[in-house]
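Colleague: I would like a close look at a single part of this predicted model. Please take one interface and describe it carefully, with its surroundings.

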Amino acid sequence: MSGELLNLTLRVWRQAGPAASGGFRDYQLRGVSTHMSFLEMLDVLNEQLHQAGEEPVAFDHDCREGLCGSCSLMINGQAHGPERGTTTCQLHMRRFRDGDTIVIEPWRATAFPVLRDLVVDRSAFDRIIQSGGYVSVNTGNAPDGNAIPVPGHLQELAMDAAACIGCGACVAACKNASAMLFVSAKVSQLAILPQGRPERNARVVRMVAQMDQEGFGSCTNTSECEAACPAEISVSNIARLNREYLRASMTAEF
Amino acid sequence: MNALVRILSLPACYLSRLPGCGPLVRACSTSVGQKILMAITGLSLCGFLVAHLAGNLKLFAGEQDFNQYAAMLHSLGPALAAAETGLFVVFVAHLGLALSTTAMSRAARTQAYEVMESKQGVFALPQGGASGWMLVTGAVVLVFLVCHLIDLRLKVNPFVDYRPAVAAGAAGSAGGHVNEFLAVRQVLTSSPSRYIYLLGLVALGIHLAHGVQSALQTLGISHRRWNPLFRLISLLFAWGIAVGFISLIAWAHAVNR
Amino acid sequence: MVRVASETLNSRVPEGPIQEKWDKHRFSLKLVNPANKRKFSVIVVGTGLAGGAAAASLAELGYGVKAFCFQDSGRRAHSIAAQGGINGAKNYQNDGDSIWRLFYDTVKGGDYRAREANVYRLAQVSNNIIDQCVAQGVPFAREYGGTLANRSFGGAQVSRTFYCRGQTGQQLLLGAYQALMRQVSLGRVRMFARREMMDLIVIDNVARGIVVRNMVTGEFEVHTADAVCLCTGGYGNVYYLSTNAKGCNVTAAWRCHRRGALFANPCYTQIHPTCIPVSGDYQSKLTLMSESLRNDGRVWVPRNAGDRRGAAEIPDGERDYFLERRYPAFGNLVPRDVASRAAKERCDRGFGVGDSGLAVYLDFRDAIRRDGEDAVRRKYGNLFHMYEKITADNPYSTPMRIYPAVHYTMGGLWVDYNLMSNIPGLYVLGEANFSDHGANRLGASALMQGLSDGYFVIPYTIGDHLAQAKLPKIPDDHPQCVQVRQDAESRVNSLLNIGGKKSADAFHRDLGHIMWDHCGMARTKSGLEGAVTRIRELRDEFWRNLRVPGSGKSLNQSLELAGRVADFLEFGELLAFDALHREESCGGHFREEYQTPEGEAKRNDADFSYVAAWESHGVGNEPTLHKEPLTFDYVLPSTRSYK
């Protein structure tokens with residue numbers, strides 16, 4: 001139950017601020033329980049740094065249940081570490097071996113500037129949602145929930161896409177730093193559901209334009225995003241975005 | 001590179017002034033629009049490859065049949081020139097879009113990772129399989145194509161002996177034209193052309209292996225049930241084209257021996 | 001012993017039959033002229049269900065809104081982690097549900113410590129919430145024919161819970177977040193992420209703004225407005241280990257309390273019975289496993305204390321299915337507080353399992369034998385997967401180990417029927433207020449309350465204040481703004497300058513131990529008295545021996561935590577004090593002195609049927625108790641029994 005204990009070398013990106021130049025620092029960590037989560041291992045590192053009078057490593061985290069999308073980290077070159085369908089906060093140290101060196105980097109993308117150490121600014125995602133990732137319905141304006149039936153399988157498809165946690169792993173893992181998986185998940189959810197249909201044309205065109213403006217790369221269909229996505233969003237959503245985009249650009253009246 | 005991209009975008013600027021086309025051109029200039037155009041131009045080029053391979057397979061049918069086919073093409077005159085021009089435009093557009101989207105992606109990550117590891121498992125090629133080699137294989141195919149045009153369109157490759165083909169043509173074996181059958185055989189058996197061709201065709205196979213299925217995805221042709229079949233067909237198509245052309249090199253060697 | 005204010009609190013509940021109160025009240029509330037709405041500005045702190053919904057809805061009405069959150073985006077608030085679902089009295093299942101039944105269940109479930117009128121309103125608007133969320137594109141589960149699906153949840157006898165797989169909170173929050181982002185794009189909301197609220201600005205006894213710290217640059221900012229809505233969630237993290245997100249804190253609410261807002265019923269904390277147990281000292285948070293597991297899982301411990309055999313080796317005769325034994329009628333489905341206390345009782349007596357002895361088994365062996373592994377997988381597959389990921393145990397072959405954990409806090413800032421605190425212009429919404437759940441919250445009601453407050457209550461009630469109050473323009477350099485900002489800055493500087501040795505996290509853990517041991521599932525007079533003393537000692541040590549590395553001029557997570565822990569150290573004392581004063585057992589508050597011979601909670605309606613709202617007199621000084629008497633005209637108090 002107490003598990004084995006690991007001795008690790010951590011190679012962590014340290015950067016004092018957005019404008020500062022950063023670099024890697026190596027830290028030795030001893031006696032890491034295999035039952036710890038990856039973030040708890042970083043907590044231990046930070047307590048050790050605190051004891052040594054150094055500044056702890058800054059990293060984003062909040063719910064530690066794999067849902068809020070706050071945590072990030074490129075772990076040995078893989079977004080959220082080696083396990084599929086898992087966020088960093090749900091990754092446990094039993095995935096590592098005694099004596100391992102673990103390289104920890106922040107998400108790297110022009111649209112996600114580093115704020116400090118492993119913390120990046122993902123507000124680009126907010127601006128993409130602002131550009132059209134919603135249904136324009138004011139509070140109080142809604143018809144009865146059952147007024148428009150939604151076939152069960154479509155609802156499931158929409159839910160698959162809606163499960164996106166907005167962590168940015170798709171961008172981080174993509175060799176082009178493309179945000180297509182994120183954008184397509186929201187476009188898909190709202191294109192599938194009848195509630196989102198009235199705005200589908202304008203939505204896809206605006207969200208793609210915003211995505212480009214934020215400086216994300218283009219999609220080369222390598223599917224690395226799907227493999228890295230902790231919510232296991234499928235690239236079939238990207239195909240749906242492309243369809244929506246084609247339709248909108250050929251027919252829309254704007 | 002940015003200057004190049006700007007020059008390449010000039011046609012789009014002019015096109016957008018056509019009545020009704022402004023919004024469409026704008027839609028095509030986004031990252032998604034550019035990829036869609038790449039998919040369309042790529043698949044068009046695939047269409048050309050099919051026609052080209054079908055014609056060239058006449059080599060197996062023998063000298064007379066092949067030369068008749070060549071003569072038929074020559075007889076098309078202005079239509080052939082128009083088709084060649086169209087092909088050239090499509091090719092340049094495909095290339096220009098490749099450079100443009102690559103530039104976009106390079107700018108999207110200016111600081112590289114210390115380590116980067118795929119989560120997709122094992123690939124036949126490093127760097128995430130064929131998709132990681134599109135620019136490289138595309139460049140190799142471009143080099144191959146230039147050589148190919150020098151060899152057989154212009155027929156000015158100093159390493160190739162065109163005399164038998166010209167002589168046979170003059171003797172009337174190909175209706176007054178150069179004997180294309182002999183010219184092809186000559187090119188395919190000479191060095192370094194045959195090596196360049198072999199390399200170029202392997203690169204083409206890799207390029208298409210990702211390119212075709214990627215084009216389908218970009219055009220939104222995706223279905224949970226059919227995707228595995230789409231992938232299989234794409235792969236078969238890619239290597240069918242590549243192996244089809246490579247078989248001609250093998251044939252030339254066999255005949256020459 | 002406790003200082004009690006002479007006047008009772010006025011909850012401003014409107015007159016009339018309960019079914020008509022809200023409609024009548026909405027008519028009597030003053031309206032703001034549509035053309036004038038844009039002249040008013042509102043601050044919304046927090047972007048969870050309550051905050052996101054409020055900010056979006058107020059902006060839709062035309063008010064100028066400034067929204068603040070400490071996370072990097074409005075989409076990350078901890079509402080996102082709610083798994084089970086949201087109640088709505090739609091009666092789509094034709095199984096006898098109604099607004100009245102939801103109202104009745106909620107008052108009873110709250111152990112008769114909630115305000116009836118608020119609960120009735122909550123049940124009323126529950127239906128609008130479902131409609132609103134569907135219209136926003138929230139993908140609620142549906143039947144094959146396309147109509148909305150429901151499930152029975154938390155022991156309710158009707159199926160009224162709407163859900164999106166195990167991610168209902170996430171989907172509802174994203175719906176509110178998207179509505180908020182739409183208003184941002186329309187220019188009606190200005191969003192300020194990575195801002196921590198440091199203090200409240202009260203001018204002429206009216207809430208007029210807040211001071212926030214920009215967590216990236218370290219700058220302090222003054223934001224003024226005509227009203228402030230606090231939607232900052234609960235205080236469960238005072239226990240250090242809880243199912244709350246790491247960032248959840250009491251600072252915003254506590255700072256308002258220190259500026260005069262009354263804090264009500266802090267001792268009402270909900271302990272959730274089915275969480276994954278602590279595995280070591282390094283544990284940073286606890287993970288909840290959905291309550292639905294108790295529908296098919298059987299809870300047991302070995303009959304012999306200290307039995308160290310593996311679960312499979314213990315024959316049925318030597319297993320104690322203690323919930324089924326104690327509560328034959330409800331068995332494993334007894335309410336959260338009852339199940340939690342029963343598990344604690346077994347573990348305290350040495351029957352617990354696992355390394356720590358602080359766990360009980362939740363066993364699916366019989367369900368698998370009865371229905372087959374596939375059927376169990378279909379129902380609980382994702383939960384089993386999550387459990388296996390965290391513990392590396394396979395729940396299909398070995399029973400899960402579970403233990404109760406702090407999950408939700410019913411207490412919060414005191415508000416009237418309009419959700420306004422005793423400071424005019426300061427509104428408190430969602431988990432941050434105390435209003436609707438009494439002493440215990442029912443499953444799938446938290447999401448309902450957050451959205452009800454944000455979408456359907458505050459848009460009406462805030463107008464009443466804005467239309468009537470005298471609200472002169474406040475410049476950012478108003479003396480009071482400058483003063484509050486200076487106070488906040490000097491508090492941060494003093495944290496940075498202590499120069500001790502211990503980290504804020506270590507203090508937080510120490511506080512958590514005190515709280516869990518003495519103010520947890522079962523409380524005693526002596527334990528609580530000891531806790532008050534020990535919290536004071538710990539607070540003294542904190543201000544002597546804390547060390548915060550780094551500076552205040554940049555992103556400094558140690559500093560953020562230190563500020564929050566400092567407030568938890570003040571708040572924890574109030575929690576213990578409230579628990580000490582409430583000499584009865586009700587809902588989430590269980591005093592060992594007040595139980596039946598069978599160990600069941602003994603409520604004392606004669607003496608404690610009131611809301612305890614505390615007024616601060618500064619750190620270390622005993623607060624004054626303000627009482628709001630509770631009357632039950634429609635749901636008559638009875639003893640809960642699950643035997």
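How many residues of chain B are in contact with chain A, and how many residues of chain A do they meet?

Modeller: In this predicted model, the contact brings 36 residues of chain B against 57 residues of chain A. Between them, chain B and chain A bury about 3600 Å², and 50% of that area lies on carbon and sulfur atoms. On the side of chain B, the residues that lose the most area to chain A are Y113(B), K119(B) and Q217(B), which together account for 21% of what that side buries.

Turning to the polar side of the interface, the count between chain B and chain A comes to 32 residue pairs in polar contact, with both residues at pLDDT 80 or more. Two salt bridges are also found across this interface. A salt bridge joins the side chains of R224(B) and D160(A), with an N to O distance of 3.7 Å, which falls under the cut-off of 4 Å. As for the secondary structure involved, α3 (22-28), α4 (31-56), α6 (78-108) and α10 (193-218) of chain B each contribute at least two residues to the side that touches chain A. By residue class, that side of chain B divides into 13 nonpolar, 17 polar and six charged residues.

For the surroundings, there are two pairs of chains in contact, and of these it is chains A and C that share the most contacts. Chain B and chain C, by contrast, do not touch, and their nearest C-alpha atoms are 18 Å apart.

Chain A itself is divided into domain 1 (5-115) and domain 2 (122-141 + 148-251), and the contact between these domains takes 20 residues from domain 1 of chain A and 21 residues from domain 2 of chain A. The C-alpha centres of the two domains lie 29 Å apart. Together the two domains of chain A bury about 1400 Å², with 63% of it on carbon and sulfur atoms, and R84(A), A111(A) and F112(A) supply 35% of the area that domain 1 buries against domain 2, more than any other three residues. The count between the domains of chain A is one salt bridge, and a salt bridge is found where the side chains of D60(A) and R122(A) meet at 3.6 Å, N to O. Three residue pairs are in polar contact across this interface between the domains, both residues being at pLDDT 80 or more, and the side of domain 1 of chain A that touches domain 2 divides into nine nonpolar, nine polar and two charged residues.

How values were computed. Residues are numbered from 1 along each chain as its sequence is written. Chains are lettered from A and ligands numbered from 1 in the order in which they are written. This is a predicted model: local features need pLDDT of at least 70, side-chain atom pairs count only at pLDDT 80 or more; totals for chains, interfaces and linings use all residues. Side-chain values use heavy atoms; hydrogens and water are left out. Domain bounds come from an automatic or database domain assignment. Contact means heavy atoms within 4.5 Å. Buried area is the accessible area (1.4 Å probe) that two parts lose on being put together, summed over both. A polar contact is a pair of N or O atoms within 3.5 Å; within protein, one must be able to donate a hydrogen and the other to accept it, and residues adjacent in sequence count only if both atoms are side-chain atoms. Ala, Val, Leu, Ile, Met, Phe, Trp, Tyr, Cys and Pro count as nonpolar, Asp, Glu, Lys and Arg as charged, and the others, Gly among them, as polar. Helices (H or I, at least four residues) and strands (E, at least two) are DSSP runs, numbered from the N terminus.
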